[in-house]
Amino acid sequence: MVDPTIAESDVALARRLAADAGELLLRVRADLGHGDPAGLKAAGDRAAHDLLRAELARCRPADAVLSEEDAGSRLVDTGDGVSRRTAERVWIVDPLDGTREFSEQGRADWAVHVALWARDAATPHGLVAGAVALPAQGRVLTTDVADALPAAPSPSDGVIRLAASRSRPPAFLAALAGEVGAELVPMGSAGAKIAAVVTGDVDAYIHAGGQYEWDSAAPVAVATAAGFHASRIDGSALTYNEADPRLPDLLVCRGELAVPLLAALRRQLAGTAVTSGSPVPHPGKDPR
Ligand SMILES: Nc1ncnc2c1ncn2[C@@H]1O[C@H](COP(=O)(O)O)[C@@H](OP(=O)(O)O)[C@H]1O
Ligand SMILES: [Mg+2]
């Protein structure tokens with residue numbers, strides 16, 4: 001009998017793994033409850049990581065893996081003989097993004113990230129397939145169906161909705177929001193925030209001050225496949241499978257906001273922002 005996983009496309013595999021890890025996380029959350037947040041975080045991280053590791057080893061044994069929960073994979077080697085620095089294909093996974101929110105009762109802003117980086121990719125970021133599961137929201141976004149999502153209606157007051165970390169927002173963000181006429185939307189998980197840009201629930205997401213490749217790879221793959229802008233906050237390209245997996249800042253937004261937000265970021269970072277600057281026009285419905 002032919003093994004069905006051999007014929008499974010990379011994006012279908014990413015979707016299945018993200019969805020299965022997400023269901024497992026929902027079960028862990030239901031079984032353990034929220035009485036011991038640290039224990040719940042550790043159990044969730046470990047369970048989702050083990051599932052992704054085992055399935056990737058079974059279905060794509062020649063590929064390397066870079067996972068948040070796998071200390072041995074972070075620098076050069078995966079620890080199982082496939083070096084990610086020489087591999088043609090590397091799966092970049094965050095088994096549980098928004099770990100803090102996962103441990104808090106009732107919160108739905110946490111995610112599972114599964115992305116595939118390929119050396120011969122045509123794009124600067126090198127990401128060729130990806131899936132972001134939002135288990136507590138009951139949805140999975142992937143690089144092949146994100147484009148089909150309906151855009152949420154724009155708010156009638158014309159204020160840009162700018163997602164930011166609820167626990168570690170960049171220091172300059174409140175001033176930047178004031179400059180461009182944006183309302184900050186605090187949210188956990190890089191994946192949940194980028195998914196919110198893709199679904200139209202917010203217009204942009206800015207982060208600075210620290211992050212790693214696994215925090216953004218899958219959601220950036222999904223967002224760019226759907227035509228959204230994604231870059232470093234200085235406008236340079238996001239790149240993945242680097243020797244050092246730190247990737248500390250990013251901007252993901254509707255396409256028409258990229259130029260004005262990058263200009264505002266330049267002013268904030270140079271310390272030359274004026275608080276009475278012209279508000280950025282509110283985006284229309286087409287993200288490109
Ligand atoms: N200053 C920082 N340094 C390192 N990682 C950071 C960071 N700020 C945010 N992150 C990581 O980015 C992800 C999203 O953060 P936030 O919810 O604050 O927006 C989280 O991933 P994990 O939950 O996988 O650890 C968090 O750890
Ligand atoms: Mg993360």
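Colour the protein by pLDDT, the predictor's confidence in each residue, from 0 to 100. The mean is 89, and 84% of the residues reach 70 or more. Next, select residues 275–279, where the pLDDT is below 50. Beyond near neighbours in sequence, this stretch has 5 contacts in the model (C-beta atoms, placed from the backbone, within 7 Å). Move on to residues 284–288, also below 50 in pLDDT. That stretch has 9 contacts beyond near neighbours in sequence. The model scores are ipTM 0.99 and pTM 0.91.

This is a predicted model: local features need pLDDT of at least 70, side-chain atom pairs count only at pLDDT 80 or more, and totals for chains, interfaces and linings use all residues. Residues are numbered from 1 along each chain as its sequence is written, while chains are lettered from A and ligands numbered from 1 in the order in which they are written.

**Ligand 1**

Select ligand 1 and its shell of 15 residues (C-beta atom, placed from the backbone, within 6 Å). The closest are D97, T99, S165, G188 and G210. Colour the shell by class: 1 residue is nonpolar, 9 are polar and 5 are charged. Here Ala, Val, Leu, Ile, Met, Phe, Trp, Tyr, Cys and Pro count as nonpolar, Asp, Glu, Lys and Arg as charged, and the others, Gly among them, as polar. Now show domain 1 (4–144) and domain 2 (160–270); each supplies at least three residues of the shell. The bounds come from an automatic or database domain assignment.

**R161**

R161 counts as buried because it has 21 C-beta neighbours inside 10 Å; the cut-off is 20 or more other C-beta atoms within 10 Å, placed from the backbone.

Key
Buried ≥ 20, exposed ≤ 12 C-beta atoms within 10 Å, placed from the backbone. Contact = placed C-beta atoms within 7 Å.
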